[in-house]
Amino acid sequence: PVLDTEDAWVSVEGPVSIVELALEQKRIHYPLVEHQFVLCTILYAIMRFSLKSVKPLLLFDSKGKNAFFKDLTSIQLLPSGDMDPNVLSIRQQFLVKVVSAAVQTLCSSQKAKEVSEEELFPFEKGKNWPALAADLAQYLQISEDVIKRHYVCELYSYGMDHLGEE
């Protein structure tokens, strides 16, 4: 990008401006940042719902694991379309656990009306975990329909038929 500067600023001496420093930075490889975001979301879901016996790195193949430890400006080989069926099965089980835990948390917070979930976790206000799990399914190459069907089944099993119908 071309930066127009006024004549008065050209003769100023001192440290380099923040804009010039930003322009000198290497460009990041966006798919690698997206890959890191998926890992962060997975880790946050594990922490938020206290999911036991989940090993987050098992949700990624060898290329995916190696990409986590590379510089964000480097072009890395990310997982391709062909995945090991075992990894896909582990991913699906994880997403199902997240949806189940989210519905269970929703039901328990509605039964205990004295303290709402928004009061317990104000930074999560408006966060729809089942929708987030469906979004993660796209990144993890799992069918969204499987996650959505499981969500509806969980709603019905917890007696929240009105939400399941929606």
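**Gln-141**

Select Gln-141, in the loop between α7 and α8. This is a predicted model. The residue sits just after α7. Is Gln-141 buried, partly exposed or exposed? At 32% relative accessibility, Gln-141 counts as partly exposed.

**Back into α7**

Step back to helix α7, residues 129-139. Colour Trp-129, Pro-130, Ala-133, Ala-134, Leu-136 and Ala-137: these are buried. Now look down the axis of α7. The buried residues fall within an arc of 160 degrees, so they line one face of the helix. An α-helix has 3.6 residues a turn, so residues three or four places apart point the same way.

**Forward into α8**

Go to helix α8, residues 144-157. Show the side chains of Lys-148 and Glu-144. They meet in a salt bridge, with N to O at 3.8 Å. The cut-off for such a pair is 4 Å, so the distance of 3.8 Å qualifies. How many salt bridges does a search of the whole structure find? The search finds 1.

Check the spacing of the pair. Lys-148 and Glu-144 are 4 residues apart in helix α8, and therefore about one helical turn separates them. Both partners are partly exposed: Lys-148 has a relative accessible area of 44%, and Glu-144 has 24%.

Stay in α8 and select Glu-154. This residue is buried, with a relative accessible area of 15%. Buried means under 20%, so Glu-154 falls in that class at 15%. Which residues does Glu-154 touch, not counting those up to four places away in sequence? They are Ser-100 and Val-103.

**Helix α3**

Jump to helix α3, residues 30-48.

Now highlight the buried residues of α3. They are Leu-32, His-35, Val-38, Leu-39, Thr-41, Ile-42, Ala-45, Ile-46 and Arg-48. Keep Ile-42 on screen, one of the buried residues of α3; Leu-59 comes back to it.

Follow the chain out of the helix. After α3 comes Ser-50, with a positive phi near 50 degrees.

**The loop from α3 to α4**

Select Ser-53, in the loop between α3 and α4. Ser-53 is not a glycine, yet its phi is positive, about 55 degrees. Is Ser-53 buried or exposed? Ser-53 is exposed, with a relative accessible area of 68%.

Move on to Leu-59. This residue is also placed in the loop between α3 and α4, where α4 covers 62-67. At 1% relative accessibility, Leu-59 counts as buried.

Show what surrounds Leu-59. Leaving aside its neighbours within four places in sequence, Leu-59 is in contact with Ile-42, Val-87, Ile-90, Arg-91 and Phe-94. Ile-42 is the residue kept on screen from α3. Next, draw a C-alpha distance from Leu-59 to Ile-90.

**A nonpolar patch**

Switch to a surface view. Select Leu-3, Ile-18, Val-19 and Leu-23. Together they make a nonpolar surface patch of about 380 Å². Within that group, Ile-18 lies in helix α2, residues 18-24. Ile-18 counts as exposed, at 70% relative accessibility.

**Zoom out**

Show the whole chain as a cartoon. How many helices and strands are there? The chain has 9 helices and 0 strands. Read along the sequence, the pattern is α-α-α-α-α-α-α-α-α.

Colour by accessibility. Of the 166 residues, 30% count as buried. The chain exposes about 11400 Å², and carbon and sulfur atoms supply 56% of that area.

Take contacts between residues at least 6 apart in sequence: 70% of them join residues at least 24 apart.

Conventions
Residues are numbered from 1 along each chain as its sequence is written. This is a predicted model: local features need pLDDT of at least 70, side-chain atom pairs count only at pLDDT 80 or more; totals for chains, interfaces and linings use all residues. Side-chain values use heavy atoms; hydrogens and water are left out. Helices (H or I, at least four residues) and strands (E, at least two) are DSSP runs, numbered from the N terminus. Buried means under 20% relative accessible area, exposed over 50%, partly exposed in between (1.4 Å probe, protein chains only). Contact means heavy atoms within 4.5 Å. Accessible areas come from the Shrake-Rupley method with a 1.4 Å probe; for residues, only the protein chains shown count as cover. The arc is that of the directions from the helix axis to the C-beta atoms. Patches are made of residues with over 30% relative accessible area and no salt bridge: like charges are joined within 9 Å, nonpolar side chains (Val, Leu, Ile, Met, Phe, Trp, Tyr) within 5 Å. The expected span of a helix is 1.5 Å times one less than its number of residues.
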